[in-house]
Amino acid sequence: MKMNKHLVAGMAICLAATVGVGLSSCKKDEPTPVIVENPLDAEVYYIAGKVMVGNNALEGVKVTASNSEATTAADGTFQLEMTSKNDYVVTFEKSGYVTVTAEASFPSDAKKQSVVSLVQELEEKNQPVTVTPDAGSTVIEAKRQMVELEFPAGAVKTATDITVTAYKEGAKKSQAGTVRASLSTVSCEPDGQTFEKPVILRMKNPASNSVYFADVRHYVEKNGVWNETGTADYNGNGYYMTTIDGFSNHSFGVPCSSQKGTSKTEDLASVVIDNLGNMDSKEQAIDVTFHLGWKIDGTTSDLLKKQLAGLSDSDVTALSGAVESSLASLLGGTQSVGEMTLKRDARVSGDMKATVSMIEKTTTTVFGFPVVFGGQTVALTIPVVKYEGVDLVVTTEKGASHGSHSGGSGE
Amino acid sequence: MLKIYRILFLFLLGCLFGWKGKATVKEALVDLGMENVKVAVQAGGVCIAYEDNVYRGTYRGLFEVIRTLLDEPDIADENIQLAVLENGIPQIRVSLDREFVSAYRQGRLSLAAVMKGLAISYDTDEVMKALKGTKAVNRSAGKVDLVLYPQVRLQNSWLDKIYGAVLDIAPAVEIGLWKGASFTGQVIFPVWNNLVGEMDYIRAGMLVVRQEIRLPKNVFATLSVGNFNQDRIGVDLNLLYHTNSDRWAFGLSGGLTGASTFYGGRWEVTQWRRVNGSVLVRYNEPYYNLRFDLSAHRYIYGDYGVRGDCSRHFGEITVGLFAMYSEGEVNGGFHFAIPLPRKKRSKHRAVRVRLPEYFDWQYEAQSGPRYTSRRLGRSYETRPDENRNRTYYNPDFIKDNLVILAEQSK
């Protein structure tokens with residue numbers, strides 16, 4: 001009986017505690033998972049990259065594509081938010097610099113939130129030079145000193161300030177077939193200036209006479225489109241030559257074959273936002289770090305030596321620079337691979353787990369340049385690896401309080 | 001004068017039984033492990049009430065009691081009325097006619113024939129009236145059972161796994177307090193699961209104080225307060241009426257509950273705001289031991305529905321199918337209850353450690369994400385040993401199985 005009293009007392013306390021907890025609770029209803037939209041589920045695509053001047057980041061560059069606009073940060077980075085996976089023309093503008101356009105395109109199988117990387121090098125405009133009608137004159141592009149303009153007397157009606165700046169073209173959309181690779185591109189201002197007499201535009205062959213590019217042509221940019229205007233063949237005396245009758249952007253283009261090779265993907269990292277078992281939603285910032293840029297698969301000099309046996313060391317060095325420069329006109333920037341980090345915010349509903357996988361895509365393209373070596377035209381092939389960007393793949397796991405479908409349950 | 005002699009004879013008979021036979025009956029039943037044993041002698045025979053917490057199921061202990069009474073030479077050839085108790089509450093009356101007792105003892109009837117001759121009914125009012133005031137021996141109050149409940153949960157609701165599975169062991173302390181009152185305190189220990197959530201934590205299972213009473217005319221009432229399963233906490237009242245033959249039964253139940261959850265390892269309860277209830281009609285078909293349940297529900301989350309069950313009892317194994325309809329969604333499935341070892345448990349220890357008598361499981365097909373998200377058709381149980389075998393005292397079923405046991409004991 002004594003035991004019963006204790007038991008009764010114990011049970012009474014338990015009962016009172018249980019009832020008391022239930023009756024005194026301030027929560028009105030049971031917890032259910034807070035459902036939120038994860039920003040990473042939104043159908044948004046990004047063009048992100050870096051703008052450089054030489055080896056330095058360039059801040060304050062206005063970057064536009066379609067209706068999206070951004071300005072480069074102190075580290076030269078930018079990102080544009082696009083609403084659909086189309087082909088875009090990206091414009092880079094900054095006062096005092098040559099304005100450049102590049103092409104960025106999202107493949108049809110691009111995932112939501114995928115990032116296409118873009119690197120661009122801008123060039124500060126050179127100081128203007130005055131050309132007078134009285135006498136002929138030669139203007140040499142100041143920085144690289146590869147391009148020269150030879151004005152005959154009377155080419156201009158009046159003394160005219162001209163600015164000639166060699167610059168790097170923007171990246172082009174990757175495509176198979178023959179494309180124009182620019183050995184050198186110059187911005188000539190005032191844009192639209194016409195001449196009374198043909199002006200000779202010539203580009204130095206950095207190598208010796210024993211090796212030069214074949215089938216070089218002159219292209220003029222009009223409304224963002226490059227049009228071939230004639231040949232700019234090598235004159236056998238150190239220059240590729242053409243004539244112009246007005247100013248625009250001019251390019252010495254070489255027909256370059258482009259053969260798409262392999263595409264690879266690599267899992268860079270995964271971030272797990274584990275909110276299983278919790279009914280509140282959870283937010284987490286994610287750093288998306290990926291590579292951008294391109295690199296030659298191998299070393300240019302080795303490739304040249306292998307394919308152009310007997311090429312002198314100085315010609316190897318000179319031709320390597322020319323090849324890499326022309327590749328830059330297709331791929332953007334200069335040969336280098338860097339890293340960039342984007343900040344993303346992820347939100348996960350209650351009792352769910354999200355895994356964000358960052359998958360980087362690289363493509364290898366084999367470019368072919370026609371060069372004349374030892375009197376023979378040789379197709380010089382250069383394999384290039386390009387870092388295309390990164391896909392964010394979000395997979396979710398639902399907790400016990402969610403159900404995706406009904407296959408039954410038992411207990 | 002004849003009347004006086006008759007009274008005197010009955011008085012002497014009562015004294016004789018009370019002095020020797022009554023004590024013998026009590027001792028014999030207590031030796032069997034029966035609890036809350038009461039014996040009363042009347043002019044028409046002897047009335048006995050007992051509770052079986054030793055033998056598994058509803059008829060095995062009864063069989064042992066009847067056999068013991070028949071084989072006890074000190075018990076006279078009297079009409080025997082047995083009231084079978086559960087937690088001190090009478091469930092059924094089993095009547096054994098003195099003719100059968102006598103014939104069995106003289107070898108004219110087999111044990112199986114005696115069992116066939118039993119009269120079993122849900123009407124215990126008379127026998128309990130006869131036992132009123134009689135002191136019970138070997139009381140069950142204060143006795144503690146530690147019952148180790150295995151819990152297996154499977155759910156196929158996710159695309160990234162074939163089945164979500166949860167395996168727990170949930171020991172429960174079950175204590176009889178006083179007549180009809182009991183306490184169950186259960187803790188759930190996770191063993192293995194491939195889900196994340198409450199199931200990862202050691203958490204409270206059933207924490208229930210329960211009071212059962214039997215009202216006149218075969219009406220059983222149970223009031224339960226505490227922490228139930230299905231993440232519910234609250235109060236539940238259940239009323240069940242059986243006809244004497246238990247061919248028909250009618251039930252009402254209602255509950256007021258809140259949530260009791262363990263998300264993130266924190267025990268959180270909410271206000272008791274959800275009202276549920278049900279109305280039950282039951283028919284027991286005697287030939288195949290089939291039970292048909294038809295019930296209308298207001299389920300936990302406020303949805304209204306109906307449910308039909310068909311269960312068949314194969315001895316201690318029960319299997320069944322069910323179909324239900326709630327808020328435009330159809331569901332269905334199966335359930336079963338199978339016995340767990342052992343048939344007989346220890347009877348003398350202060351704390352009896354054991355497995356539950358039965359393992360029961362229900363599988364429902366459900367019907368899509370809406371069913372899951374809306375939590376349709378949800379109901380709770382108020383005790384961990386709730387299954388279709390527990391307190392299944394259907395007279396036809398009991399008698400059939402007593403006969404089977406008698407035939408097996410030859």
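Visitor: Which element gives the largest share of the nonpolar patch?

Guide: That's β8(B), with 4 residues. Bear in mind that this is a predicted model. The patch sits on the surface of chain B and includes B:Val152, B:Phe189 and B:Trp192, and its residues have about 660 Å² of accessible area together. Two elements give two or more residues to it: β7 (164-176) and β8 (181-193) of chain B.

Visitor: Why is B:Val187 called partly exposed?

Guide: B:Val187 is found in strand β8 of chain B, and its relative accessible area is 34%. Buried would need under 20% and exposed over 50%, so at 34% B:Val187 lands in between and counts as partly exposed.

Visitor: What makes the buried residues of α2(A) line one face of the helix?

Guide: The residues in question are A:Thr300, A:Leu303 and A:Leu304, in helix α2 (residues 300-307) of chain A. Looking down the axis of α2(A), the buried ones fall within an arc of 95 degrees, so they line one face. In an α-helix there are 3.6 residues a turn, so residues three or four places apart point the same way.

Visitor: What do those buried residues of α2(A) pack against?

Guide: They pack against β20 (282-296), α3 (313-331) and β23 (376-398), which belong to chain A.

Visitor: How confident is the predictor in chain B?

Guide: Its mean pLDDT is 90, and 93% of the residues reach 70 or more. Over residues 7-22 of chain B, though, the pLDDT is below 50, and this stretch has 16 contacts in the model beyond near neighbours in sequence. For the model, the scores are ipTM 0.72 and pTM 0.70.

How values were computed
Residues numbered from 1 in each chain as written. Chains lettered and ligands numbered in written order. Predicted model: local features only at pLDDT ≥ 70, side-chain atom pairs only at ≥ 80, totals over all residues. Heavy atoms only, no water. Patch = residues over 30% accessible without salt bridge, like charges linked within 9 Å, V, L, I, M, F, W, Y side chains within 5 Å. Areas by Shrake-Rupley, 256 points an atom, 1.4 Å probe, with all protein chains shown as cover. Salt bridge = Lys/Arg side-chain N within 4 Å of Asp/Glu carboxyl O. Buried < 20%, exposed > 50% of the residue type's maximum accessible area, 1.4 Å probe, protein only. Arc of directions from axis to C-beta. Contact = heavy atoms within 4.5 Å. pLDDT = per-residue confidence, 0-100.
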